[in-house]
Structure formats: structure tokens, C-alpha cells
Amino acid sequence: MTTHAHNLPNVASRLKDATGIALVSLLLGVPMIGLKTVDAGGALAIATRWPWLLAFVATMFVGRLVLQFVLDHVKLNKAKRARTRPEIGATRPWLKWIGYGVVGFALVLPIAFSGNRYVVDTATTVLIYVMLGWGLNVVVGLAGLLDLGYVAFYAVGAYTYGLLSTHFGWGFWETLPVAGAAAATFGVILGWPTLRLRGDYLAIVTLGFGEIIRLILVNWTDFSGGPNGIGSIPRPTFFGLPFSPDSDAGPTFASFFHLEYSPEHRVMFLYYLILVLALLTNLFVSRMRKLPVGLAWEAVREDEVACKALGMNVTNVKLSAFAIGAMLGGFAGVFFAARQGFISPESFVFSESATILAIVVLGGMGSQLGVVIASVLLVLLPELGRDFSEYRMLMFGAAMILIMVWRPGGLIAHREPTYRLAKKGAQA
Amino acid sequence: MSEMLLEVDRLTMRFGGLTAIDDLSVAVPKGKITSIIGPNGAGKTTFFNCLTGFYKPTEGSVRMHHPVHGPLLLNEMPSYHVARKAGVVRTFQNIRLFPNMSVLENLIVAQHNALQTASRFSLAGLFGRAGFKQAREAALEKAEMWLTRLKLIELADTAAGNLSYGTQRRIEIARALCVDPLLLCLDEPAAGLNPRESAELNELLLYLSREHGKGVLLIEHDMNVVMRVSDHICVLNFGTKIAEGTPEQVQNDPNVIKAYLGEEDADDKEAA
Amino acid sequence: MMGQFIQQLINGLTLGSVYGLIALGYTMVYGIIGMINFAHGDIYMISAIIAVTVLTLLGSLGIMAVPVALLITLVVAIVFTSVYGWSVERIAYRPLRNASRLAPLISAIGMSIFLQNMVQLTQGARVKPINALLPGGFELFTSNGFTVHLAYTQIMIIAVTAVLLVVFTYLITKTSFGRQQRACEQDRTMTALLGINVDRTISMTFVIGAALAAVAGVMVTVYYGVVDFSIGFVAGIKAFTAAVLGGIGSLPGAMLGGLIIGMIESFWSAYLSPEYKDVATFVLLILVLMFRPSGLLGRPEVEKV
């Protein structure tokens with residue numbers, strides 16, 4: 001509300017403010033909490049939940065008072081933070097060390113939790129999102145192109161592997177480059193005509209494109225298996241050694257290394273596979289950032305007109321970002337298909353695109369480490385909320401709003417210059 | 001008469017019913033400073049936009065005499081070709097830097113085309129090949145050279161958006177110079193500068209045209225700059241050329257005096 | 001053939017009216033803050049859910065007279081839905097007024113997810129059927145064994161939309177709020193300097209957008225008779241497509257875009273393939289943006305340099 005002046009407001013105005021919130025809460029709550037339509041023998045009937053509504057309104061009233069009390073103390077700092085642009089003068093070496101720490105932790109995680117399949121599985125999911133986040137980061141974070149249909153490229157990758165492996169017996173490693181190329185091609189086909197458009201139009205076009213791909217997958221049954229998807233996709237092998245219990249058909253991973261067969265081998269293998277893919281992605285993107293094209297992506301994000309005036313072919317720069325982002329999404333899709341062994345259009349809905357975008361923006365645009373933190377947060381929040389599973393997505397939505405309002409620049413809004421005069425010889 | 005760099009022939013630009021530039025012909029020589037002056041709304045910035053490919057002129061032609069590529073028609077080129085191929089680089093009235101990038105990075109971005117070729121469209125760069133490393137060293141050296149010349153070297157690693165207005169103007173000029181322009185088009189480079197900065201600008205403009213042989217095309221309101229450095233001045237009003245000549249000739253031209261002093265009402269209308 | 005054609009025209013007009021009403025909300029919000037209100041589709045969904053509740057409540061109270069029931073439902077839905085629209089702006093947009101463009105978009109997507117799941121939790125995930133409030137209709141004519149129907153609900157939707165458009169046009173062009181709203185669209189800083197409360201104008205824009213979506217929600221409820229928590233997303237995208245098609249920021253454009261999308265959808269379903277009707281809509285959107293990015297009625301933009 002507008003009452004938070006810099007001098008501390010009095011109790012009366014705070015109460016008035018909280019009463020206002022309570023009143024709004026009452027209006028919001030009456031149709032949704034207070035009243036409910038229930039199925040009573042074929043027809044709907046009304047049920048009431050007035051105590052719940054009362055509790056809700058009271059919570060909002062007290063919550064607002066407490067929040068205001070807290071805000072009064074941090075408000076000034078926050079206003080300052082929101083306005084200053086990320087400083088790039090100061091280096092922050094500790095960010096790098098956190099990065100190394102995260103990689104180290106990721107390397108030992110399956111060993112530390114070797115008895116706990118659930119942890120490794122969840123970590124694998126986190127890493128898929130990290131990889132997707134890093135891919136989309138090129139498009140959104142670096143080049144500043146708002147892509148709301150990123151999941152389409154993920155789907156292209158997944159279906160490329162699904163189809164090539166089930167119809168033609170292609171393996172994981174052969175498919176990987178092909179799927180990446182296919183996704184990049186889709187990126188170029190979509191990007192070529194649309195990248196000239198204004199930013200928000202691009203958003204809606206990519207959103208539409210994501211839906212088109214999904215609808216085609218749902219409806220073109222002969223091609224994609226329709227809503228049933230594609231099943232029994234072969235799992236990746238360890239350089240030709242399958243993870244299976246019986247060694248009749250040839251050596252398996254377990255028999256070759258003289259280990260006792262355990263289903264956990266595959267889980268751990270998949271984890272390390274996506275870890276390697278993700279680290280390669282990170283290496284690739286970090287290197288690209290230091291190249292002229294990477295700098296050009298950021299320049300286009302900052303000021304397109306200035307780029308044109310400096311002789312830069314802006315469309316090509318954008319297209320390269322779009323294609324590379326798409327390619328990385330395609331890679332992640334191949335891994336996803338191989339891990340699940342089953343894919344269907346259900347996995348490639350808009351909310352998936354929204355989640356990946358949220359990871360990039362929450363993490364801090366352009367920040368690689370931010371993507372990791374945001375992925376962990378967005379995957380773990382719903383997982384932690386598993387006990388009250390129906391509240392998971394609700395909390396997910398609420399978290400997105402709160403984090404954005406709290407830190408509009410994302411969790412890590414710090415940007416390190418890729419070129420420095422001081423140590424120009426030391427550039428990698 | 002020195003060698004002509006740019007020839008604008010009967011340029012006309014209309015927006016719907018409004019004629020912003022009407023039948024304008026100007027020539028810009030190499031190694032000289034040519035200024036375009038005129039009251040607000042006279043069509044100066046529109047003229048720049050036509051030169052640099054941001055607007056497609058309704059009629060007329062803009063011809064650049066390029067030492068390598070020969071004559072080039074700028075009015076038929078996309079804006080990025082104007083800078084890349086024809087060597088005509090501009091700055092903007094409302095400074096357009098890359099605010100979140102460092103000053104040095106701003107100057108490196110300006111050398112994108114050369115670097116991108118040297119990096120073999122990223123392939124050689126990705127594997128750190130020697131050719132690309134050399135190109136990058138060269139780019140950094142060029143940036144350093146202009147930063148030193150424009151007294152920006154101390155600020156090389158700070159974010160461009162955090163610096164003062166006058167400094168940002170200088171960065172924009174340094175950035176444009178990194179493109180190696182044959183013709184530098186500056187849109188009000190002295191706006192918002194203090195007298196000392198403005199004097200430094202004069203010196204820089206003379207240095208660029210005399211020592212580097214660059215053609216300079218200047219839009220400026222600050223008469224301290226225009227009258228002191230210009231070799232040739234072209235006065236616009238309502239999109240038409242009303243006078244042309246040396247600073248002395250223009251200062252004494254009755255049409256110019258009338259345009260600046262006599263018809264205040266008309267100016268206000270135009271400015272609105 | 002003629003009968004089939006006319007029938008699809010009527011269906012398309014009905015559907016298009018609904019899309020148009022939602023599209024108005026998008027285009028108004030876009031016009032004033034230059035952002036896509038991602039939660040707008042869910043505002044429409046909330047209105048539909050409220051309509052189900054109110055109609056059920058009225059039924060249990062024995063108020064069955066169609067005009068009375070409809071009017072009460074409309075008023076109640078508009079009031080409560082507007083509060084939701086207002087809250088969305090306060091929570092997801094206002095704190096981010098000066099942040100980068102992406103931040104409010106993310107918070108709005110978060111809001112959309114939140115609202116959908118909130119409704120699913122509080123009202124249940126099941127599809128909610130209601131008794132037909134306004135059954136029946138006219139049989140216009142029969143040709144080649146095909147009878148063309150015009151349902152009462154279709155007349156209602158088209159009529160209500162038309163009336164609303166008149167009121168709305170008056171509001172925007174003739175009242176002081178409309179002037180303030182248009183002023184904010186042109187230049188927010190200048191408007192604020194002139195002593196106009198920009199925050200309140202933006203709030204009001206969200207409220208009016210929500211009210212229009214509320215009307216759309218009520219009418220869809222009455223028309224189809226079934227509603228669930230997930231109807232907001234697709235309707236939202238289509239309405240946004242309509243707004244862009246018509247030229248975002250242009251109010252007549254939004255309505256026109258809505259009608260076109262409605263027509264395409266009903267004709268495509270009838271003559272080609274119902275499965276790909278949404279694909280048709282999106283492909284059209286991409287084509288329009290490629291060849292006429294300012295939309296059908298939008299003003300072309302000259303790049304400011």
C-alpha cells in the first residue's frame with residue numbers, strides 16, 4: 001500500500017491497511033473458499049466453509065501486519081537494490097568457488113547417497129532442468145529473446161530419439177548429434193521469419209509454436225503414437241554394455257565388471273551421464289560467451305539499434321542464439337527419452353516451458369550458477385511438498401511470484417565482464 | 001576541392017503527409033568536417049536516419065564513394081551494411097550504449113564483424129586457434145588505443161551505463177571509431193557537455209579529420225563547436241536547405257538569421 | 001451446403017464474441033503497461049467457476065426466471081472477478097513496475113499457475129455441469145436435410161457482447177477515465193506530471209479487463225453448461241492471438257480478431273479437421289505477424305532511433 005513513508009507509520013494506519021487487505025481477502029475468499037459446488041447425485045449443490053473463510057481472512061490480516069512490520073525495516077534497502085543495475089566493476093571470486101563447490105557436490109552425490117535411489121533420481125531431474133536452463137539461458141538470458149515455447153525443442157530431441165531408436169535401432173550416442181541438429185533446424189525454421197519481430201510478439205509466436213508441436217504429436221498418431229506416445233525406448237548402454245540382470249545375450253555392465261547386478265547401476269549411470277552432458281553444455285556456453293558471437297548476443301539484448309549502427313547483422317546474431325539454444329534443448333530431450341524409456345505429449349506442455357523460463361529468470365538472467373540454484377529450488381520445492389502433494393503446484397506458482405517480487409533481477413544478478421583490460425593476456 | 005566521400009542527391013523523406021526532408025542535396029568531402037545545423041525539427045536526425053539505413057528515403061539517392069568497393073548506394077542497403085560495407089558509422093542523439101556491459105566490451109562489440117570472421121564463425125574460436133587469438137589481441141589493442149586517446153582508459157572495466165553523460169558521449173564516439181569508419185556521423189555530440197569537455201571534443205574532431213583523414217558529418221546545436229571546427233555548414237529548416245557555405249558565409253546569411261531569430265513561432269510549432 | 005455454412009457462421013460469431021471480450025482485456029492491459037497479462041485467461045476461468053456457484057445457489061433458492069438469474073449471475077461474477085483482476089495487478093505487476101520486462105511476465109505466469117491450482121484445490125478438479133439455463137432456440141431453415149439452429153444462448157451472447165461494446169466504447173472515448181486511460185497509454189510519465197493518478201488508472205484497466213472477461217466467463221458457462229479449472233489457458237492464448245491479430249492496443253482490433261479466430265475455429269472444425277483447429281489458429285498468428293506485424297487494425301510502428 002502507499003502508506004509506507006520513510007518515517008515509521010503509526011499503528012492506526014497499519015491497522016487500517018491490514019483491514020483493507022482483510023476486506024479484499026474476504027471478497028476473494030467468498031466465491032472460492034466460502035462457497036463450493038459439490039456433486040450431489042448428478043446435480044451440483046452448494047456447500048459452505050465459513051470457518052475456513054474466517055481463518056483465511058484472519059491469516060491475511062495478521063500476516064499483513066507482520067509483513068509490514070518486517071518490510072518497514074528492509075524497505076529502504078530493497079528499493080535501492082531494485083534500481084541499481086548489476087555492478088560489474090567488482091569481481092566476485094566467491095561465486096566461482098560456489099560453482100566449483102556445486103560441481104564437487106554433484107560428483108560425489110550418488111556415492112554419498114548410494115543407498116537412496118530417490119535422491120539420485122531427483123538429482124537427475126534437477127540436472128535435466130539445469131541443462132535445459134543453460135540452453136534457454138543462451139536465448140533469454142544472453143540474447144534477450146523471450147522464448148515461451150522452448151519445450152518444443154526438448155520434444156523434438158526426445159521424439160527424434162524415440163522414433164530413431166524404436167524404428168531403426170539407433171543408439172543413444174548416434175542419435176545425440178542428429179537430434180541436436182534436428183532441434184537446431186526447427187529453431188532456424190521458426191526463428192528465420194519471426195526474429196525480426198518485437199520481443200513480446202516473439203514470445204507469443206514461440207508459445208504458439210510450442211503448442212503446434214504438441215498438438216501435432218497428439219494428433220498425428222501414425223507418426224508419433226498420438227496421446228499414447230512411444231514406449232519401450234531402449235535405455236542408453238555403457239559403451240555397448242546393457243544394464244540388465246541376465247548375461248545370456250552377451251556381456252552386461254554387471255558381468256563385464258564382475259559386479260553383482262543391481263538396478264541402481266543404471267540409476268547412477270544415468271545420473272553421471274546427464275552430469276557429463278550438463279557440464280559439457282556449461283563449458284560450451286561459457287566458451288561461446290567469450291567469443292565474438294557471445295558478446296554480440298549480449299549486445300543485442302542491450303540495444304538492437306546500436307548493434308545495427310555498428311554493422312552487426314542482428315537477425316543472424318539472434319538466429320545463432322536461437323539455434324544453439326534449440327540444439328541444447330534437443331540434447332536434453334534425447335536424454336529425457338532415454339531415461340524415461342517412454343515419452344508422450346504430456347511431458348511437453350506449456351507449463352514445462354514456463355518452468356524452464358522461470359528457472360532462467362529466477363536464477364538471474366545470463367547467470368550459469370543462478371540456473372543451478374533455481375533448478376534445485378524449483379524441483380525440490382514441489383518434491384519437499386510431496387506430503388501435501390495437492391499443494392505442490394500452488395506453492396510453485398506462489399514461489400514464482402514471491403521470488404520475482406523480492407528480487408526482480410533474479411537470485412544472481414551479477415555479471416562478470418568477459419573482456420578485461422587488466423588481464424587481457426590471460427583470457428582463455 | 002578535396003575528394004568527395006558522400007553525395008546526397010535530391011533526398012526526400014515523407015511520413016504520410018508530412019515531408020520531413022524535401023529535395024536535399026549535400027556533399028561531404030574526405031578529411032573535412034561538415035555540419036548540419038538548423039532549428040529543432042528541421043529534419044536533421046531524420047536525415048541521419050536516411051543516410052544510415054534506418055529509414056528508406058521516399059526519393060533521391062545517397063551515394064558513398066568507397067575506396068575499395070567503389071560507389072555504393074546507401075539508400076538501398078540494410079542499416080548494418082551501411083556500417084559494415086560502406087564504412088559510415090553514426091552515434092545517436094539519445095546515447096545508445098550497451099549499459100550493462102563494460103566500456104571495453106562496448107568497444108569490442110563494435111569490432112564484431114572482424115572478430116567473427118577471425119573466429120571462423122566461432123569454430124576456430126571455440127578451439128582457441130592462434131589466428132583468432134591474434135585477432136582478439138588486435139581488437140583489444142585498437143580499443144585500448146581509442147580509449148587512451150579519448151581519456152577513457154581508467155574506466156575500461158566499468159559498466160557503461162553507470163557513467164556520466166559527457167563520458168557516455170565520448171564512449172559512443174570511441175565505439176564508433178572502433179568500426180574504422182570512413183565517415184563518422186555524430187548526432188549532437190556536444191549536447192550535455194561542459195565547456196571543457198566541449199573544447200576537448202573540438203580538438204578530437206579536428207584530430208580525426210586532419211590526422212586520420214576521416215570524413216565527419218556533424219549535427220550540432222552548440223555553435224561553439226560548429227563555428228570553430230566546421231569546414232562547411234549546411235543549414236536546414238523545415239526539411240529544406242536554406243543556406244550553405246563556410247562558417248562566415250552562413251553566419252552572415254539573412255535566411256539563416258531569419259530562421260533562427262525571426263520566426264520563433266514557426267520554430268515552436270515545428271518543435272512541438 | 002449453404003445450411004452448414006450459415007450454421008458455422010453463427011457458431012463462429014458466438015465463439016468469436018467470447019474470444020473478443022477476453023481479447024479486450026489483453027489489449028487494454030498491453031496498451032497501458034506494454035505487457036502481456038498472463039493471468040488473464042485464468043481470470044476468465046474464475047468468472048466461469050463463480051458463475052457455476054451463483055447459478056447453483058440461485059437454483060437452490062428457487063430463482064429460475066432467466067433474465068433475473070442471468071442478471072444476478074453477471075453482476076455477482078463481475079464484482080468478484082474484478083477483485084481478482086485488481087489483486088493480480090497489485091501482487092504480480094505493481095511491485096515490478098520498474099523492473100526488467102521479463103520479471104512481471106514471470107510473476108504473471110506464476111500467478112496463472114497459482115490461480116489454476118487454487119481453484120482446483122478449493123473447487124475440485126472435476127468438470128462442473130450445470131442445468132441448461134436457457135435451453136432451446138430457433139430453427140431457422142432447412143436446406144438439403146440440414147437444419148440451421150440458432151440457440152437462445154447464442155442470441156444472448158451476441159446481444160450481450162454488442163451491448164457491452166457500446167457501453168465500453170462510450171467509457172473509453174467519452175468519460176474522463178477513458179481519457180486518462182488513453183493518456184497513460186501514450187505517455188505514462190507525462191500523464192503523471194499532469195496530476196493523474198497513474199497507478200489507479202492502471203488498476204482500473206485491470207478491473208475493467210477482468211469485468212469483460214467475467215462476462216465472457218458467465219456466458220460460456222451458460223452456453224456450454226460445463227466448466228472446469230483448466231479452461232483458462234487455451235481460451236487465454238486464443239484471445240491473446242485475437243488481440244495480436246487485430247493489432248494489439250487497438251480495441252476494435254481485439255473484437256475483430258476475436259471474431260476472426262472464432263470463425264476460423266468453427267469453420268476449420270466443420271470442414272477440415274477438428275483436431276487441428278488450434279494449429280490453424282496459431283499458424284494464422286505466425287503468418288499475420290510475419291506479413292503484418294502491427295495486426296489488422298494496429299498502427300504500424302516506425303522504429304524510434
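Domain bounds here come from an automatic or database domain assignment. With that said, chain A is assigned domain 1, residues 11-74, and domain 2, residues 93-417. The C-alpha centres of domain 1 and domain 2 of chain A lie 39 Å apart. Please keep in mind throughout that this is a predicted model.

Let me begin with chain C and chain A. The contact takes 61 residues from chain C and 55 residues from chain A. About 5400 Å² is buried between chain C and chain A, with carbon and sulfur atoms accounting for 78% of that area. On the side of chain C, the residues that lose the most area to chain A are C:Leu102, C:Ile106 and C:Leu121, which together make up 11% of what that side buries.

What does this interface have in the way of polar links? Between chain C and chain A there are 8 residue pairs in polar contact, both residues being at pLDDT 80 or more. Several elements of chain C give two or more residues to the side that touches chain A, among them α2 (40-61), α3 (66-93) and α4 (102-123). The most comes from α4(C), with 16 residues. Sorted by class, that side of chain C has 44 nonpolar, 9 polar and 8 charged residues.

The count of salt bridges between chain C and chain A is 1. In it, C:Arg126 pairs with A:Asp39, and the closest N and O atoms are 3.7 Å apart. Over all chains, the structure holds 25 salt bridges. C:Arg126 is in the loop between α4 and β1 of chain C, while A:Asp39 is in strand β1 (residues 35-40) of chain A, so this pair joins two chains. Are these two residues buried or exposed? C:Arg126 counts as exposed, at 63% relative accessibility, and A:Asp39 is partly exposed, at 49%.

Next, chain A and chain B. Here the contact takes 36 residues from chain A and 45 residues from chain B. The area buried between chain A and chain B is about 3700 Å², and 64% of it is from carbon and sulfur atoms.

How many salt bridges are there between chain A and chain B? The count is 2. One of them is between the side chains of A:Asp303 and B:Arg96, at 2.8 Å from N to O. There are also 5 residue pairs in polar contact between chain A and chain B, again with both residues at pLDDT 80 or more. On the side of chain A that touches chain B, the elements giving two or more residues are α10 (264-290), α11 (292-302) and α12 (304-309) of chain A. The largest share, 7 residues, comes from α11(A). By class, this side of chain A has 22 nonpolar, 5 polar and 9 charged residues.

Now some salt bridges within single chains. In chain A, a network of salt bridges links A:Arg289, A:Glu298, A:Arg301 and A:Glu302.

In chain B, B:Arg10 forms a salt bridge with B:Asp23, with the closest N and O atoms 2.9 Å apart. B:Arg10 lies in strand β1 (residues 4-15) and B:Asp23 in strand β2 (residues 18-29) of chain B, so the pair ties together parts that are 13 residues apart in sequence. B:Asp23 is partly exposed, with a relative accessible area of 38%. Also in chain B, the side chains of B:Glu244 and B:Lys241 meet in a salt bridge of 2.9 Å, N to O. B:Glu244 is partly exposed at 33%, and B:Lys241 is partly exposed at 32%.

C:Thr281 sits in helix α11 of chain C. Why does C:Thr281 count as buried? Its relative accessible area is 1%, and buried means under 20%. Not counting residues up to four places away in sequence, C:Thr281 touches C:Lys238, C:Thr241 and C:Ile261.

C:Ile63 is in the loop between α2 and α3 of chain C. With 29% relative accessibility, C:Ile63 counts as partly exposed. Leaving out residues up to four places away in sequence, its contacts are C:Leu58, C:Val68 and C:Ala69.

In chain B, B:Ser61 is found in strand β4 (residues 59-66). B:Ser61 is buried, with a relative accessible area of 15%. Beyond its neighbours within four places in sequence, B:Ser61 is in contact with B:Glu7, B:Val8, B:Asp9, B:Leu73 and B:Asn75.

Technical notes:
Residues are numbered from 1 along each chain as its sequence is written. Chains are lettered from A and ligands numbered from 1 in the order in which they are written. This is a predicted model: local features need pLDDT of at least 70, side-chain atom pairs count only at pLDDT 80 or more; totals for chains, interfaces and linings use all residues. Side-chain values use heavy atoms; hydrogens and water are left out. Contact means heavy atoms within 4.5 Å. Buried area is the accessible area (1.4 Å probe) that two parts lose on being put together, summed over both. A salt bridge is a side-chain nitrogen of Lys or Arg within 4 Å of a carboxyl oxygen of Asp or Glu. A polar contact is a pair of N or O atoms within 3.5 Å; within protein, one must be able to donate a hydrogen and the other to accept it, and residues adjacent in sequence count only if both atoms are side-chain atoms. Helices (H or I, at least four residues) and strands (E, at least two) are DSSP runs, numbered from the N terminus. Ala, Val, Leu, Ile, Met, Phe, Trp, Tyr, Cys and Pro count as nonpolar, Asp, Glu, Lys and Arg as charged, and the others, Gly among them, as polar. Buried means under 20% relative accessible area, exposed over 50%, partly exposed in between (1.4 Å probe, protein chains only).
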